Amino acid sequence: MAVRGRAVETLPKLMRSLRKDSASSTVTRTPALPSLRRAFSLYDQINLIDNVPDDQLRFQRYTETGFTVNGVNYEGSLLCVGNLVTSWGPRKFSEITPQSLSIFQIIRPIPEILILGCGRYIEPVDPELRHFIRSTGMKLEALDSRNAASTYNILNEEGRIVAAALLPYGVSS
């Protein structure tokens, strides 16, 4: 959030400097809008994605057998809640049961969404599992693990209370 605040403060300064540059030009033609090329090149120098707070989880890489989170390599399945990460028991999609997700019966605050990384391919979620997740007060989004990790990053960076249960990308049914 602090990074976003700095970016919001910096952008008006950049725009003012662009206006000053165009106003101080020696050409006496009618004033032109700043070049989009220049505006984009200045804006691209503000990197919001790499400036994530240290206490916030961020998936940086995935492999066939695991994930890299905040510079640490993890092998196997992961369970992430808010900014906490732990190893998770299921090794294939059929092993994901209400019991494997029972931690969500006691965790508070309850995440608004559980992102389920199914491995290489999206799998249909068992109705019993879907019912269990709904009974905890969460919504469910089942994705392949690559997209699940990206979605988790985006929602977590927005400050939303989100959870992810991810199988390694190399897992397929």
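**View 1. An open sheet of 3 strands in the predicted model, with the order β1-β2-β3 and antiparallel pairing.** Strands are DSSP runs of E with at least two residues, helices are runs of H or I with at least four residues, both numbered from the N terminus, and two strands count as paired if DSSP finds at least two bridges between them. The edge strands, each pairing on one side only, are β1 (59-62) and β3 (72-75). This is a predicted model, in which local features need pLDDT of at least 70 and side-chain atom pairs count only at pLDDT 80 or more, while totals for chains, interfaces and linings use all residues. Residues are numbered from 1 along each chain as its sequence is written, and side-chain values use heavy atoms, leaving out hydrogens and water.

**View 2. The pairing of β1 with β2.** Strand β2 (residues 66-69) pairs with β1 in the antiparallel sense over 3 bridges, and Thr-68 in β2 is the bridge partner of Arg-61.

**View 3. The largest nonpolar core, with 22 residues.** A nonpolar core is a set of buried (under 20% relative accessible area, 1.4 Å probe, protein chains only) Ala, Val, Leu, Ile, Met, Phe, Trp, Tyr and Cys residues joined through side-chain atoms within 4.5 Å. Residues with the most contacts inside this core include Trp-88, Phe-104 and Ile-133. At least two core residues come from each of β4 (78-81), β6 (113-117), α3 (127-135), β7 (139-143) and β8 (162-166), and α3 gives the most, with 3 residues.

**View 4. The surroundings of Ile-133.** Leaving aside residues up to four places away in sequence, Ile-133 touches (heavy atoms within 4.5 Å) Leu-101, Leu-114, Met-138, Lys-139 and Leu-140.

Notes
Buried < 20%, exposed > 50% of the residue type's maximum accessible area, 1.4 Å probe, protein only.
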